[in-house]
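Dear colleague,

Please find the structure below, handed over for your use.

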Amino acid sequence: MKIKLLLITLASFLMTACGVEKQILEDILIAEVVGYDDAGDKKIKGTVVVSVPQPGEEADLGKEVYEADSHDIKAARQQENAKTPYPIVGGRLTVTLYGEELASKGLNDYVDTYRRDPMVGRDLYLAVVHGKAEDVVKMEPKLIKTPGVQVKELIEQNIRTNLPDVDLHRYLYACHGKGIDPVLPLLETTGDQIRVRGIALFKTDRYIGKYIPYEDGFLYKVLSENFKLGSYEIKWKENDFTDINNVESRVHYHISNANQDPKVRIEVKMKASLLEVQGYDLGKAVDLNKIEARAEQVIGKKLNEMVTMFQENHIDPLALGDHAKSKTRNFDQKHWEEAYPDIPIEVDLDIEMIQTGIAE
Amino acid sequence: MRFFKGKREMDSASFQVTSKDFQELLKKFKTSDDFLTFQFPNDDGYIISYFNSLVSVQQLHEQVLAVMSNQPKKVLKQLKGDIPMEDMKLTADLKDIQRLVLEGSIMIQYKQDDEMCLLIPCVHSVKRQISTPESEYTVVGSKEAFVESLDSNLNLIRNRLPTPELQSKEFRVGSISQTRIAVLYIDGVVNQQIIKTVIQRIEDIEYDTIVDISFVSQMITDNRNSMFPQLIDTERPDHLASVLSEGKIGIMLDGSPHALVGPNTIISFFSSFEDYFQIWNLGTSFRLIRLFAVLFSVLSSPLYVAVLTYHYQVIPTDLLPILISSRGVIPFPPILEAIVLEGTIELLREAAVRLPAKVGSTIGIVGGIVIGSAAVEAGFVSNVLLMLVALAALASFTVPIYQISNTIRLIRFPFLIAAQLYGLFGIALCSAFILSHLLKLTSLGSPYLDPLYPLRIHDFKDSLIRLPFSKQKKRPQFLRTENPLRIRKEAEKRNTRNDIDE
Amino acid sequence: MEVKPNETKQISPFFVFFLMPGMQIGVGILGFERIIAKESGQDAWISVLISGLIINVLLWMCFKLLGRGPQTLDLVAIHKDLFGKWVGNAFNILFILYFIMISIILIRTYLEVIQVWMFPGVNVLMLITIILILVYRFVEGGFRVITGFCIIGLMIGSPLFLLNYFPLKYAHFENLGPFLDHSFLEIMKACKKMTLNYLGFELILIYYPFIKNREKSQKWAHLGALFTMVIYVVSILVSLAYYHQDQLKDVIWATLTLWKIVDLPFIERFEYIGISVWLFMVLPNVCLGVWAASRTAKRVFGYRQKKMLVLILIIILVSCIFLDNRYRIDKFNTISSQIGFYIVYLYLPLLFIWQSIVYKFRGHKS
């Protein structure tokens, strides 16, 4: 009993200094979107959007932009704090943007802090900006005022159809793993809006300057994952177009003989529906077989081109190397990397039209 | 309670017979003004004395005086035969005389200074009518509640359990009050060890006046410093009857309209008796809702403090703006805000309890709406917290047993402080402290956390969930009953090949 | 030499099922994946499986050690019986130190998690003091209360294992291929590294006399150890599928990092809640360790257990003050992992063989 009392007194003594840093919600500025640009002279320019409570008015939250130049990200945060009434915290960061120039120099140094910092979540989206990242960051507060972060919602919305699902975890997965190269969304500003330009292609952590245009994002998605949404427009007759709606697409990679003379066959099966056909006689039933064949031909060609482009640039966003590794004993990584540009890759596309909407 | 004044004046003498002899006792009696002595039927007649506050005058007239006045004076033994009353006693024992007279007997002496007395019980008792239960009101089910009279209460129980095995052991507690206390149990069901423990503890009670059963409750519980009640007090005879047949024991005190029930587990404090009146799946759902309500009530404001003070990261993105803007103008840190608001709610509750019912409901409205919205408008507290605290208060009212709802009211304050010190981790630490207390706690020797620990799968049938009566074949294991079976007859075997349309 | 605790202090054999994972699953599970996967890559789960099975064999040995004598024994009694008073007690003291060491690792590593993930500037001394007071409160209640804490801790903590569902949408199960692409040696190396995580089952040597109907407890003990194994195997499988092998190499707390992606509509960033709730998984371990140390100390030195308990808690407090940075903690972890390895894989089998010889010899004599 005495000991208990002693311990309790001791504890209450120590209570005066529990040494825990408080982060009371209204006494911090929560960073939502942050952008980094190359500022020359080995410096980077950080731009951050924080939400600021507007006193007096209920449920109204303003957004403000702060910027700073520094050599690394943490120091940039420090510089920004010099201008703010409360410390900026990054625990709820939703999007990190990198300027084109910075991204082409390699992102490793600028992602590392997010990998290490336990405060940062893994649902953080990374994206490359065509031009300066600060333009997109500065656009954020001007966009429609619904609660939430506009850039994040833009990316999330497009992930369903045209962008690969890339968050911090997936980026790190691809960046650190051998035999995979990451891809990131490529954004740009047009007038007073932010728009997805396409998919930026990376070699390890370096943006190679090439990207897949937005429309073809769907094709990349078809090649890289199983998914259920999205649509693609094909020209099916002179001046007539039709829109193929993806109902369900599945992809399989068949890799053989990876250690000596590798061969790759990518098998894509797509169940699609037809919702818009131009230039067709409404009285007649649609000739599905014809459209199917046409679609297979057009899309198949596109896919093959895309794969060849990957090989030409020595990048592997489809994780073929990783697939090969998981299917081959004593996988020879070096041999694979050397052989990769010349591996015959065959894309085997099979489209099946399963419906034509609610009209015949 | 009745005749409290008269009793109290005399009672110091009544416990130990301090009077040396009969004369001194009589003298002591006579100092009280409500003690009457007269001779009847004439100056040469019997000497009749009694406390007029304790004796039923009507009975005295009709059954005693009427008999005497028509007859010549006889010896007391013969007189005893003539009077048509039960349980009369002819004695010269000082102790008996003192006790019986103070309980409302008429004392008849043959002549002055005679030590041999005839004591005729002629009690006049003031009883409240049996009324509806208030603290354990249920929509369906019986509307009887215990009253202050022990005998009436026993009557209510005996009517419900007409079995010779229902036994009542009576004791007297309190050196002055000499209050009757009865321990009720069903022999052959209850574990004798529990009876022994309870009787031992009741005999050990040392106090002058025991006015209410809650006194007893505090004196016989296992851990007298625990915030958690270990004995349930109930005002429903049907509740008592049903737990008695489970193998628990009941304790009733004369003058207290409540009965104590034990041993209990913590879960039994959250199960309303009404759960049994509903079909089992509804009953189970309501029980779970209630349990959730309790957790919510205890944890909501500490979680608010923890999250807002330390862990802004866990707030979902879409909720963030709402929280920030509601907190933006509040001048206090979350902990102070929470304590102020919780304190206000406690004030309101305390005020509402103390005030008469009609005014009390006004307090609720004034407090809830006027003060609450004023505080939000003044920027004193945030509306999110106000909503949380109000919900928590509401949730704590779902607890069916009054004592534990008090515990729940208070227990969130340590949680609040812990949340302020270490955020979510502090809440975990505080829960661990409480768990360490609960694990050690016993109720009349049975573990308090049953069926969670000791893990008894069978006891889950009537704890967090309530299974249908057909599944309640056995009495709760933690009571270690002598006869664990409730249903003797095996249910008829169902036709297992019961197919569609057959 | 017979050890007979009061029957009211005993527990039913079924509870041994909870005591096993209760002691085996501690802080290790939050970050063991990196160390194991470093050795045997995608075959790490096989190592986890194998060492889990080996643990069951060792557990069987423990039961033999305890049960084959004419009386029920505990470790202290076995030591005294086999080696005499002085040598036996020397071994007992070693075991006391070992139990204290386990407790220190658990507390310190858990606090490190808190320091790194939640409160970087936290006053460690104070937090340890609070935790030790908690430990005191539980251990003071005796073995039954600690068992209860194990069970309830497991009940509170086990929903966290359901979080393994969330990474599934990120999972690349092809990461597990090719199957058995590592040499036997590599797999066994990983097995060795896995030992520290499975430690704790040997406490049965101390609490065995506290079990009612001891014969029945063996089944539950094995089931409990298998349960632990399943938990570990599932954890490593999920981690292997979620992380790329090359990525896993630098994730210190793989399981914890994995909780980051749990995203519920009302709560995000589940790791903060997870770490807090994990207290209920760690603290029973510490309590059991401290209890075992104080109980052994009582049996060896003959002082009151409460006094030994306070002494042990003070030792833990002081040691934790010295373990003040990641480097020292890591070193301490490595050393204790080694010691644990030798005690479990070397000493226990040797003791088992020695006992067999002694008993055979005695049997011949009588």
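The side chains of C:Glu268 and A:Arg92 meet in a salt bridge, with 2.2 Å from N to O. A salt bridge here is a side-chain nitrogen of Lys or Arg within 4 Å of a carboxyl oxygen of Asp or Glu. Between chain A and chain C the count is three salt bridges. The model is a predicted one, in which local features need pLDDT of at least 70 and side-chain atom pairs count only at pLDDT 80 or more, while totals for chains, interfaces and linings use all residues. Residues are numbered from 1 along each chain as its sequence is written, chains are lettered from A and ligands numbered from 1 in the order in which they are written, and side-chain values use heavy atoms, with hydrogens and water left out.

Chain A and chain C

In this interface, 38 residues of chain A are in contact with 38 residues of chain C, contact meaning heavy atoms within 4.5 Å. The two chains bury about 3,300 Å² between them, 55% of it on carbon and sulfur atoms. Buried area is the accessible area (1.4 Å probe) that two parts lose on being put together, summed over both. On the chain A side, A:Pro118, A:His169 and A:Tyr173 lose the most area to chain C, together 19% of what that side buries.

The rule also finds 18 residue pairs in polar contact across the interface of chain A and chain C, both residues at pLDDT 80 or more. A polar contact is a pair of N or O atoms within 3.5 Å; within protein, one must be able to donate a hydrogen and the other to accept it, and residues adjacent in sequence count only if both atoms are side-chain atoms. The elements of chain A that give two or more residues to the side touching chain C are α1 (2-15), α7 (168-176) and α10 (320-327). Helices (H or I, at least four residues) and strands (E, at least two) are DSSP runs, numbered from the N terminus. The largest share of that side, eight residues, comes from α1(A). By class, the side of chain A that touches chain C divides into 16 nonpolar, ten polar and twelve charged residues. In this scheme Ala, Val, Leu, Ile, Met, Phe, Trp, Tyr, Cys and Pro count as nonpolar, Asp, Glu, Lys and Arg as charged, and the others, Gly among them, as polar.

Chain C and chain B

This contact takes 38 residues from chain C and 25 residues from chain B. Chain C and chain B bury about 2,900 Å² between them, 77% of it on carbon and sulfur atoms. The rule finds one salt bridge across this interface: the side chains of C:Glu140 and B:Lys440 meet at 2.9 Å, N to O. It also finds seven residue pairs in polar contact between chain C and chain B, both residues at pLDDT 80 or more. Several elements of chain C each supply at least two residues of the side that touches chain B, among them α4 (75-117), α5 (124-140) and α6 (143-157). Of these, α5(C) gives the most, with nine residues. The side of chain C that touches chain B divides into 29 nonpolar, four polar and five charged residues.

Within chain B

The domain assignment of chain B, automatic or from a database, gives domain 1 (4-121), domain 2 (150-264) and domain 3 (278-447). The C-alpha centres of domain 2 and domain 3 of chain B lie 33 Å apart, and 18 residues of domain 2 are in contact with 16 residues of domain 3. The area buried between domain 2 and domain 3 of chain B is about 1,500 Å², of which carbon and sulfur atoms give 68%. In domain 2, B:Asp222, B:Met227 and B:Phe228 lose the most area to domain 3, together 39% of what that side buries. Across the interface of these two domains the rule finds zero salt bridges and nine residue pairs in polar contact, both residues at pLDDT 80 or more.

Helix α5 (residues 94-103) of chain B is mostly covered, with seven of its ten residues buried. Buried means under 20% relative accessible area, exposed over 50% and partly exposed in between (1.4 Å probe, protein chains only). The buried residues of α5(B) include B:Leu94, B:Ile97 and B:Val101. After α5(B) comes B:Gly104, whose phi is positive, near 110°.
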